[in-house]
Amino acid sequence: MDRREFLKKTALGVAALAATSLLEHPAVAAANEMINNKIPNNMKKIMVIDGGPRRNMNTASMLESFANGAKEGGAEVKLVRLYDMDYKGCMSCMACKLKGKASNICKFKDALTPVLEEIAEADGLALGSPNYFGEITAQMRAFLERLAFAWLSYNDYSITAPKRMPVVLIETMNGTPERNNDHGYGSMEHCISQALGQPEKLIAYNTYQVKNYDRYELAGFSEEAKRKWREEHWEEDLQKAFDAGKRMAEAKE
Ligand SMILES: Cc1cc2nc3c(=O)[nH]c(=O)nc-3n(C[C@H](O)[C@H](O)[C@H](O)COP(=O)(O)O)c2cc1C
């Protein structure tokens, strides 16, 4: 055996040895067990999308409560705050409708791309937005354009997501059940129900817009009435969100 052949054989031997010891590594063995279903890997993944700008106020609290319920129900929860991200609404690039390459996941690349890809594979989705001028926030709308335009076929006008899943739509607002200007998620609600399934809706009405009404020009609102409403409803609203999260996590397929 010449030197060249000796070196080649030695290198192959070392590589084979390394591969064998890698296969024996505990992490690889654990993954193999999981693949062979020896360890159940049925943890649901639920995506929670916050379309409000305030981190600690009404919408965020409702979503946090939902997420806590989902975690208690055994799900893995991923919270995405749209206002922390740099992304656009639908750019009308039409890449999702290219002949032979049509996709029901948006093809435009920006910070939203990994979120849209994760939603495509998730087991559940919760969206939250404050009511702004009767509708959802601009960020939530832009997000939904990116999510839903790729679902829509211009061949037959069908609306199809990569995967159907339970959805909860959360809104918070100044309005009351009797007096409000709410249009909910508007036409996006139709897309969501076609593509993913009929959503469950949760609305927290007559929320506290600020913590201290004395500091602001908000004479159109009676803080006393707001306080009374809050005492009677807010804990219940949060509980409903918690229960919805737990139900989603625990639901059988
Ligand atoms: C720009 C803006 C527009 C709003 N428009 C409405 C509205 O049209 N109807 C309504 O009931 N509340 C409206 N509100 C009140 C918010 O929906 C309400 O305070 C909500 O609970 C705020 O959510 P957050 O605490 O998560 O920010 C508006 C608030 C802002 C800042």
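The questions below concern a predicted model and proceed from the overall chain to its strands, helices, loops and ligand shell.

Q: What makes up the secondary structure of the chain, and which pattern does the chain follow along the sequence?
A: The chain has seven helices and five strands. Read along the sequence, their pattern is α-α-β-α-β-α-β-α-β-α-β-α.

Q: What share of the contacts with a separation of 6 or more comes from residues 24 or more positions apart?
A: Such residues account for 79% of those contacts in the chain. Buried residues, for their part, make up 30% of the 253 residues.

Q: Why is β3 called largely enclosed by the rest of the structure?
A: A residue is buried if 20 or more other C-beta atoms lie within 10 Å of its own. Seven of the seven residues of β3 are buried, so the strand is largely enclosed. Both of its faces take part: Gly124, Ala126, Gly128 and Pro130 point one way, Leu125, Leu127 and Ser129 point the other way, and all are buried.

Q: How many bridges pair β3 with β4?
A: Six bridges pair β3 and β4, in the parallel sense. Among them, proline 130 has threonine 172 of β4 as its bridge partner, and leucine 125 has valine 167 of β4.

Q: Why is β4 also described as largely enclosed?
A: Six of the six residues of β4 are buried, so the rest of the structure largely encloses the strand. Val167, Leu169 and Glu171 point one way from β4, while Val168, Ile170 and Thr172 point the other way; all are buried.

Q: How do we know that the length of α5 agrees with its number of residues?
A: The expected span is 1.5 Å times one less than the number of residues. For the 12 residues of α5 this should give 16 Å, and the end C-alpha atoms are 16 Å apart, so the two values agree.

Q: Which residues of α5 are buried, and against which elements do they pack?
A: The buried residues are Gln139, Met140, Phe143, Leu144, Arg146, Leu147, Ala148 and Phe149. They pack against β1, α4, β3 and α6.

Q: What puts the buried residues of α6 on the same side of the helix?
A: The buried residues of α6 are Met188, Cys191, Ile192 and Ala195. They cover an arc of only 95 degrees around the axis, which places them on the same side of α6. The buried residues of α6 pack against α5 and β4. Just after α6, glycine 197 takes a positive phi of about 135 degrees.

Q: Why does tyrosine 157 count as exposed?
A: Tyrosine 157 has 7 C-beta neighbours inside 10 Å and so counts as exposed. This residue, in the loop between α5 and β4, has a positive phi near 60 degrees, despite being other than glycine.

Q: Why is aspartate 123 called partly exposed?
A: Aspartate 123 has 19 C-beta neighbours inside 10 Å. Because a buried residue needs 20 or more and an exposed one has 12 or fewer, aspartate 123 counts as partly exposed. It lies in the loop between α4 and β3. Not counting residues up to four places away in sequence, aspartate 123 touches Lys44, Lys45, Ile46 and Met165.

Q: Which residues are closest to the ligand, and how is its shell divided by class?
A: The shell comprises 19 residues, and the closest are Met57, Thr59, Pro130, Thr172 and Met173. By class, it has six nonpolar, 12 polar and one charged residues. Helix α3 supplies the largest share, three residues.

Conventions: Residues are numbered from 1 along each chain as its sequence is written. This is a predicted model: local features need pLDDT of at least 70, side-chain atom pairs count only at pLDDT 80 or more; totals for chains, interfaces and linings use all residues. Helices (H or I, at least four residues) and strands (E, at least two) are DSSP runs, numbered from the N terminus. The arc is that of the directions from the helix axis to the C-beta atoms. Two residues are in contact if their C-beta atoms, placed from the backbone, lie within 7 Å. A residue is near a molecule or strand if its C-beta atom, placed from the backbone, lies within 6 Å of it. Ala, Val, Leu, Ile, Met, Phe, Trp, Tyr, Cys and Pro count as nonpolar, Asp, Glu, Lys and Arg as charged, and the others, Gly among them, as polar. Two strands pair if DSSP finds at least two bridges between them.
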